[in-house]
Amino acid sequence: MSRTQSHQPIDPGNAGTFVERWTAIWRDHDGGGWPELLHEDGVLRNPIGELKRSDLPGYMAGLVASIADHRIRPLRWGATEDGVLIEWVMTGTRGGAPFEIHGADRFSLRDGRAVEGVAYFDPRPLLEAG
């Protein structure tokens, strides 16, 4: 079901549980937990590219390995008509320079798991440092 076809509001409890799991995955650098958040055909799009569910553990491992003191933490979140929006901040050091990126992830959920995620952020600090 696409975003435009979804007319059933998401239970805020499902959105809250999803955010708790998302937060734990980033906090613990647990890329292996990503597939639990997405349906089998789920995708995550970000300014760098599109990732299938099976790509996410490797993507996260590579990202974390390339950034000293990598942290992502949610600033706030809210349930949407079809999922959840998470505003976050990423900090770390890359190429010897500290950086801070503010962004937001929008997830369309079905049964508490994402069918689609879109991350909005400026990727320049990641791309310019390596």
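This report describes the fold, the strand pairing and the confidence of a predicted model.

**Overall make-up**

The protein contains 4 helices and 6 strands, and its elements follow one another along the sequence in the pattern α-α-β-β-α-β-β-β-β-α. Of its 130 residues, 43% count as buried, while the accessible surface of the protein comes to about 7000 Å², with 50% of that area belonging to carbon and sulfur atoms. When contacts between residues at least 6 apart in sequence are considered, 53% of them join residues that are at least 24 apart.

**The sheet**

The 6 strands form an open sheet, in which the order is E2-E1-E6-E5-E4-E3 and the pairing is mixed. From one strand to the next, the twist averages 20 degrees.

Two of the pairings in this sheet can be described in detail, and both involve strand E4. Strand E3 and strand E4 run antiparallel and are joined by 9 bridges, and a hairpin of 3 residues connects E3 to E4. Within this pairing, Trp77 has Ile86 in E4 as its bridge partner. Strand E4, which covers residues 83–94, also pairs with strand E5, which covers residues 97–110, again in the antiparallel sense and over 12 bridges. Here Gly83 stands opposite Ser108 in E5.

The table sets out these pairings.

| Strand pair | Sense | Bridges |
|---|---|---|
| E3 and E4 | antiparallel | 9 bridges |
| E4 and E5 | antiparallel | 12 bridges |

**Confidence of the model**

Across the protein the pLDDT averages 89, and 88% of the residues score at least 70. Among the elements, strand E6 (residues 113–121) has the highest mean pLDDT, at 97, whereas helix H4 (residues 124–128) has the lowest, at 86. In the sheet order, strand E6 is placed between E1 and E5. Over residues 1–7, by contrast, the pLDDT is below 50, and beyond near neighbours in sequence this stretch has 9 contacts in the model.

Methods. Residues are numbered from 1 along each chain as its sequence is written. This is a predicted model: local features need pLDDT of at least 70, side-chain atom pairs count only at pLDDT 80 or more; totals for chains, interfaces and linings use all residues. Side-chain values use heavy atoms; hydrogens and water are left out. Two strands pair if DSSP finds at least two bridges between them. Axes are lines fitted to C-alpha atoms, for helices over the stretch in contact, and angles run from 0 to 180 degrees between N-to-C directions. Buried means under 20% relative accessible area, exposed over 50%, partly exposed in between (1.4 Å probe, protein chains only). Contact means heavy atoms within 4.5 Å. Accessible areas come from the Shrake-Rupley method with a 1.4 Å probe; for residues, only the protein chains shown count as cover. pLDDT is the predictor's confidence in each residue, from 0 to 100.
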